[in-house]
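Please keep the structure open beside the text as you read.

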Amino acid sequence: MAAKPPLTILLAGPRGFCAGVDRAIEIVERALQVYGAPVYVRHEIVHNRFVVESLEAKGAVFVKELDEAPVDKPVVFSAHGVPKSVPAEAERRRMIYLDATCPLVSKVHHEAARHHKEGFHVLLIGHEGHPEVIGTMGQLPEGAITLVETVADAQTLDVPAGKPLAFVTQTTLSLDDTAEIVAALRARFPEIEAPRKEDICYATTNRQQAVKALAGECDALLVVGAPNSSNSKRLVEVAEKAGCPRAFLVQRGADIDWDALGPLRTLGLTAGASAPEVLVEEVIAAFREHYEVTLEARDLTQEDVHFKLPRVLLDAAEAGE
Ligand code: SF4
């Protein structure tokens with residue numbers, strides 16, 4: 001048998017699960033322990049089929065809308081956040097609900113609400129149709145938030161006359177693209193209020209910077225993540241912009257398009273914030289079948305962020321001890 005060609009895989013760090021995703025998955029798992037199966041989950045808890053299927057196997061039932069869940073079973077809201085109407089509806093139906101909205105998304109919700117209360121018209125920089133954007137827009141009455149997706153939007157959008165402006169952003173955007181949109185907004189509206197602290201979260205920031213740091217050395221780069229995962233898609237764009245000739249999103253090992261990768265000596269590998277490490281390992285194993293692989297960890301920063309679970313689950317755990 002011919003010897004396999006050598007391949008160095010540069011493993012970007014940090015990669016994969018963030019504290020918000022860890023917390024959301026743990027909320028569903030603990031809810032299953034506390035209340036027993038089934039526990040209903042509105043929308044994919046995080047954007048990853050593997051995670052969703054693993055939780056389904058433990059007794060979680062995923063639904064699109066609240067009215068698909070029976071009133072006598074607990075329901076969990078996904079990490080992306082929900083419009084205010086959703087918990088209101090759960091309360092009206094007297095359901096037990098657990099909110100797995102990432103605290104960093106909740107922070108943006110609070111900012112938008114504060115701006116609105118103080119009389120500002122709010123601009124939200126984000127991608128139309130993403131659940132986080134739907135959730136953030138749903139914190140305020142209809143018409144109180146305008147979505148800004150591009151620099152062109154920033155240059156042309158209509159804003160209500162005589163109202164001061166403030167902006168907030170989706171947490172999983174490209175740092176560089178957002179900076180360009182913010183610059184366009186500031187050029188047009190110099191008085192616009194900015195977030196006190198960056199809305200793009202630490203996990204998105206760290207994963208993009210780790211990719212940027214190694215993209216120029218790679219013949220190609222793979223991002224393990226789902227096609228509907230915003231932060232994963234941004235990692236592909238970041239790699240391309242940072243000089244990597246070919247970057248692709250793959251859900252798992254079986255998805256690798258070997259022809260598209262082209263001739264390889266060095267591959268960059270990372271994972272979006274909702275992709276489990278087991279899928280990264282699966283991708284590495286697939287490469288080992290074709291190449292003599294040398295792994296090289298490139299850890300740019302260490303993360304030690306943890307978010308607390310909802311009080312009701314902590315209380316239940318204490319009571320059960
Ligand atoms: Fe929270 Fe950021 Fe993770 Fe989204 S990507 S769940 S905002 S930590």
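The paragraphs below go from the cavity and its ligand to the pockets, and then to an aromatic pair and some backbone details.

This is a predicted model, in which local features need pLDDT of at least 70 and side-chain atom pairs count only at pLDDT 80 or more, while totals for chains, interfaces and linings use all residues. Residues are numbered from 1 along each chain as its sequence is written, and side-chain values use heavy atoms, with hydrogens and water left out.

On a 1 Å grid over the protein atoms alone, a cavity is a set of points where a 1.4 Å probe fits but cannot get out; a pocket is an open set with protein on both sides within 12 Å along at least five of seven lines; and lining residues have an atom within 4 Å of a point. Grid points are joined across faces, edges and corners, and a volume is the space filled by probe spheres set on the points. The count comes to 1 cavity of 30 Å³ or more. The volume of the largest cavity is about 290 Å³, and 24 residues line it, with Cys18, Val21, His80, Thr172 and Asn231 nearest its centre. Two or more lining residues come from each of helix H1 (19-35), H4, helix H8 (202-215) and helix H9 (230-241); helices here are DSSP runs (H or I, at least four residues) and strands likewise (E, at least two), numbered from the N terminus. H8 gives the most, with 3 residues.

What takes up the space of the largest cavity? The ligand does, where sitting in a cavity requires more than half of a molecule's atoms to lie within 2 Å of its grid points. Around the ligand you will find Cys18, Gly20, Cys102, Leu104, Thr171, Thr172, Cys201, Tyr202 and Ala273, each with a heavy atom within 4 Å of it. This shell has 6 nonpolar, 3 polar and no charged residues, with Ala, Val, Leu, Ile, Met, Phe, Trp, Tyr, Cys and Pro counted as nonpolar, Asp, Glu, Lys and Arg as charged, and the others, Gly among them, as polar.

Now turn to the open spaces. The largest pocket holds about 270 Å³, and of its 13 lining residues Asp99, Thr101, Ser106, His109 and Gln139 are the closest to its centre. Helix H4 (residues 103-117) is the main contributor to this lining, with 4 residues. In the second largest pocket, about 160 Å³ of space is found. Its lining includes Phe167, Leu175, Arg186 and Asp199, and H7 supplies the largest share, 5 residues. By class, that lining has 7 nonpolar, 2 polar and 3 charged residues.

The whole structure has 3 aromatic pairs, meaning rings of Phe, Tyr and Trp (its six-membered ring) with centres within 6.5 Å; planes under 30 degrees apart count as stacked, over 60 as edge-to-face and the rest as tilted. One of them is the edge-to-face pair of tryptophan 258 and phenylalanine 287, 4.8 Å centre to centre with 65 degrees between the planes. Tryptophan 258 belongs to helix H10 (residues 258-261) and phenylalanine 287 to helix H11 (residues 277-290), so the pair ties together parts 29 residues apart in sequence.

Finally, follow the backbone. The peptide bond from glycine 13 to proline 14 is cis, with omega near 0 degrees, and proline 14 lies in the loop between strand S1 (6-13) and H1. Alanine 37 and proline 38 are also joined by a cis peptide bond.
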